[in-house]
Amino acid sequence: MRNCHPILFETTKDIFEKAAFAVADPPNLVAQTPAEPENNVSLSVSFTGPFRGSLSIRAPEQLGRLLAANMLGVDENDPEAAARASDAFGEILNMICGNLLPAIAGSRAEFSIQSPAPCDSRSLSSETTSPNKNIFSSRIVIEGRLADILLILEGADAPTP
Amino acid sequence: MAFNILIVDDSQVARNIVARTIRMSGAPVGEIHEAENGAQALQALGDNWIDLVMADINMPVMDGFAMIERMNRDEIVRRVPVVVISTEGSETKLEKLREQRVCAIIHKPFTAADVRVVLINLLGQWETSNAQLPSNSF
């Protein structure tokens, strides 16, 4: 098992850049860290396998429109971008999870990944204090907007922080 | 000759991206059909002439594994080549896909060039081959 924190950040950055053509940086490399956004959306994808858990993202609603616009090749103000914002977030989250798990557990490990679903950001916050779960979090600035990625792992074989 | 392609993915965004890269590839494409899951895909295969299926694996209702298994049980549909486009990273699962006669596997995130190479290999072979399906390209 490998150290999850750098893998989580690098996989997230890689997917945003390759799949959504969105520049992604750690907050400490950005000249001015964006303020905490008010209109956040949260999505989560759960998985089972050698260990179980979930991967969640909390990010500004506007970022979803940008992602959809980039992925679909339309303008950010195009109604199609707004209509597909949640889908774009979900697809990005799906790709991060699909690439993250083999990087953590090895290429022979088999996981079953569920479809992404909206979640309550308050419940995400409460998860980080749960005693029986291994928590890995990462903050990332995507096209000038702050996003949080949360990886929660459970099970005897789950990597620990 | 134009080829009809069926794209199977539960994400509309993903289906749009695949369709766009198919058109960008310059391949001789006729109709592009879409399905949200394996069950819808099997329906589309029954209702339309499909020359190539490009499918995700992790989908609700019926996943890619189940869809491919059902396709392989049908005398006619089993002849349609399948390309998997998925985030699936488990080598164990990918080997199972190759055993199921999947012709190629494209890993997400992919580039337009990734799709183009697969289409050129498959459709080129498709044109020159009388009856044989291309074996595993990847």
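A residue counts as buried when its relative accessible area is under 20%, as exposed over 50%, and as partly exposed in between (1.4 Å probe, protein chains only). The model is predicted: local features need pLDDT of at least 70, side-chain atom pairs count only at pLDDT 80 or more, and totals for chains, interfaces and linings use all residues. Residues are numbered from 1 along each chain as its sequence is written, chains are lettered from A and ligands numbered from 1 in the order in which they are written, and side-chain values use heavy atoms, with hydrogens and water left out.

**View 1**
B:E88 sits in the loop between β4 and α4 (91-99) of chain B; helices (H or I, at least four residues) and strands (E, at least two) are DSSP runs, numbered from the N terminus. With a relative accessible area of 8%, B:E88 is buried. Not counting residues up to four places away in sequence, B:E88 touches B:N58, B:K93, B:L94 and B:H107, and also A:F111 of the other chain. Contact here means heavy atoms within 4.5 Å.

**View 1. The open sheet of chain B.**
Five strands with parallel pairing form an open sheet in the order β2-β1-β3-β4-β5 (chain B). Two strands pair if DSSP finds at least two bridges between them. The edges are held by β2 (29-35) and β5 (104-107) of chain B; each has a single partner strand, so one side of each is left without a neighbour in the sheet. On average, neighbouring strands of this sheet are turned by 20° against each other, direction ignored. Strands β3 (residues 52-55) and β4 (residues 82-86) of chain B run parallel and are joined by three bridges. B:V53 has B:V82 in β4(B) as its bridge partner.

B:H33 lies in strand β2 of chain B and counts as buried at 15% relative accessibility. Apart from neighbours within four places in sequence, B:H33 is in contact with B:I5, B:L6, B:I7, B:N48 and B:I50. The C-alpha atoms of B:H33 and B:E91 are separated by 29 Å, and these residues are 58 apart along the chain.

**View 2. Helices α2 and α3 of chain B.**
Helix α2 (residues 38-47) of chain B lies across β1 (3-8), β2 and β3 of chain B and runs at about 160° to β1(B). Axes are lines fitted to C-alpha atoms, for helices over the stretch in contact, and angles run from 0 to 180 degrees between N-to-C directions. The axes of α2(B) and helix α3 (residues 64-73) of chain B cross at roughly 30° and come within 9 Å. That makes α2(B) roughly parallel to α3(B); angles under 35 degrees count as roughly parallel, over 145 as roughly antiparallel, 65 to 115 as roughly perpendicular and the rest as oblique. From α2(B), B:G38, B:A41, B:L42 and B:L45 meet B:M67, B:R70 and B:M71 of α3(B). The residues of this contact divide into five nonpolar, one polar and one charged. Ala, Val, Leu, Ile, Met, Phe, Trp, Tyr, Cys and Pro count as nonpolar, Asp, Glu, Lys and Arg as charged, and the others, Gly among them, as polar.

**View 3. Helices α1 and α4 of chain A.**
Helix α1 (residues 4-20) and helix α4 (residues 85-105) of chain A pack at an angle of about 140°, with their axes 9 Å apart. That makes α1(A) oblique to α4(A). Residues of α1(A) in the contact include A:C4, A:I7, A:L8 and A:T11, and those of α4(A) include A:I92, A:M95, A:I96 and A:N99. The residues of this contact divide into 13 nonpolar, three polar and no charged.

**View 4. Strand β6 of chain A and its partners.**
Seven of the nine residues of strand β6 (residues 134-142) of chain A are buried, so β6(A) is largely enclosed by the rest of the structure. Strand β1 (residues 24-25) of chain A pairs with β6(A) in the antiparallel sense over two bridges, and A:A24 stands opposite A:I142 in β6(A). Nine bridges join β6(A) to strand β7 (residues 145-154) of chain A, also antiparallel. A:S137 stands opposite A:L150 in β7(A). The hairpin of β6(A) and β7(A) has two residues between the strands, and A:E143 takes a positive phi near 50° there.
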